[in-house]
Number of protein chains: 2
Amino acid sequence: MFHTDKIYEAELTELREKLLTVGGIVEQAIVRSVQALAERDSALARAVVADDRRVNLLEVEIDELCLRMLALRQPAASDLRFITIALKIVTDLERIGDLAVNVAERAIQLNEQPPVRPYVDIPRMAEIAEDMLKKALDAFVASDAAKAREVLEQDNEVDELYHMVFRELVEIMTAEPSVTARGMAILFIAKHLERIADHATNVAEMVIFYVEGRDVRHPKSRVLA
Amino acid sequence: MFHTDKIYEAELTELREKLLTVGGIVEQAIVRSVQALAERDSALARAVVADDRRVNLLEVEIDELCLRMLALRQPAASDLRFITIALKIVTDLERIGDLAVNVAERAIQLNEQPPVRPYVDIPRMAEIAEDMLKKALDAFVASDAAKAREVLEQDNEVDELYHMVFRELVEIMTAEPSVTARGMAILFIAKHLERIADHATNVAEMVIFYVEGRDVRHPKSRVLA
């Protein structure tokens with residue numbers, strides 16, 4: 001029994017570490033995809049695309065690890081919540097990775113054409129989105145629901161920046177129809193970043209559920225306490 | 001023990017029924033959001049927005065039911081796969097619901113302005129996306145991996161239609177800058193439908209995993225057999 005406990009503890013540690021590894025890769029992907037755009041560095045954009053393979057492999061490994069633990073270890077209530085939340089969080093992380101790849105691909109396309117305007121709001125969106133994800137994962141590791149709640153507030157900032165970019169691009173394209181195709185590519189980058197922030201928000205919401213699941217103020221979750 | 005088994009069977013049935021209920025609501029939301037656009041029917045669009053509340057409530061209920069079953073019933077391998085896949089599928093269904101709401105909101109906005117062009121490809125995209133989701137859920141109920149694989153092929157059709165819409169809208173907006181704002185709203189609708197098809201593809205992929213998880217040709221999944 002002691003031996004089994006040690007395997008189980010090791011699996012929980014492995015799960016936590018793998019999630020943080022994926023988190024680290026996709027955080028970096030957010031930053032680098034927008035850096036590739038701002039600095040017109042298509043080699044960096046291609047590195048983001050290449051790195052996504054690791055994310056996809058790790059997602060499968062995490063899913064399998066979770067299923068194995070659920071099947072063989074009969075985890076106690078709080079570990080059970082941890083494992084099922086991990087199953088959900090990894091899906092968000094994998095999609096953030098996909099979205100960063102989409103940004104990188106658009107950057108490659110835009111880097112081949114003359115610049116429209118210097119990018120100001122888009123790097124800011126990426127910065128906030130990356131910070132949200134980092135904070136959500138830190139909150140997960142530290143079981144810190146207060147920190148997770150900060151993430152929810154930051155999502156509004158990203159939404160506002162997105163709407164600013166949208167309005168500005170409509171104006172530019174209306175005045176200067178020759179930039180329409182490029183304007184739409186830029187708009188999609190802004191949209192991808194806005195969705196990355198949404199996924200970081202999902203992670204934060206799941207962390208709050210994970211931390212407060214046993215809270216009697218959430219009567220529906222009492223059965224899991 | 002017999003009594004517990006009966007509760008457990010009832011819970012599995014409840015889980016399956018709730019998933020199919022959510023599936024039915026979001027299938028209808030896809031169809032109606034695009035109908036609201038094509039027929040300029042904003043009342044119908046608002047009904048789609050209102051219905052999404054039910055989806056969100058059911059998502060929470062499904063998550064809680066899955067966690068309760070995992071915690072209390074020590075499910076056998078194939079049921080365990082069913083429950084964990086249900087946890088993932090409901091996330092995709094909930095996001096499809098959100099995307100249909102986004103389509104409905106854009107439809108309301110477009111219905112207040114003069115039409116740009118009759119919609120041809122967009123209703124076709126919605127039709128295929130809805131069919132994909134229906135097929136994926138039928139495949140889930142029937143444990144039919146072959147049917148789930150059909151969904152993966154249909155996703156390419158939707159992607160092609162999306163790219164056609166994209167190119168056509170760039171042409172229209174470049175030639176006629178006054179329609180830029182409306183063109184972008186239409187483009188987002190096409191993008192939302194393309195993502196709905198992606199989520200239906202995710203569901204289909206999970207059904208394949210669910211059905212073939214015990215298959216020895218997938219050595220990594222053997223532990224779950």
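Of the residues of chain A, A:P177 comes closest to the rotation axis, its C-alpha lying at 3.0 Å.

Next, show chain A and chain B together. Chain A is superposed on chain B by a rotation of 180 degrees, with 0.0 Å of shift along the axis and an RMSD of 0.0 Å. The two copies are thus related as by a two-fold rotation axis.

Stay with both chains and look at where they meet. Of the interface residues of chain A, 100% are also interface residues in chain B, so the copies meet through the same surface.

Then move to residues 122–207 of chain A, which are 93% helix and 0% strand. The end C-alpha atoms of residues 122–207 lie 27 Å apart.

Colour chain A by pLDDT. The chain averages 90, and 93% of its residues score at least 70. Select helix α4 (residues 121–142) of chain A, where confidence is highest, at a mean of 96. Compare helix α1 (residues 2–38) of chain A, where it is lowest, at a mean of 92.

Finish at residues 214–225 of chain A, where pLDDT stays under 50. For this stretch the model has 17 contacts beyond four places in sequence. Where pLDDT is low, predicted coordinates should not be read in detail.

Conventions: Residues are numbered from 1 along each chain as its sequence is written. Chains are lettered from A and ligands numbered from 1 in the order in which they are written. This is a predicted model: local features need pLDDT of at least 70, side-chain atom pairs count only at pLDDT 80 or more; totals for chains, interfaces and linings use all residues. Side-chain values use heavy atoms; hydrogens and water are left out. Copies are superposed by least squares on the C-alpha atoms of residues with pLDDT of at least 70 in both. Contact means heavy atoms within 4.5 Å. Helices (H or I, at least four residues) and strands (E, at least two) are DSSP runs, numbered from the N terminus. pLDDT is the predictor's confidence in each residue, from 0 to 100.
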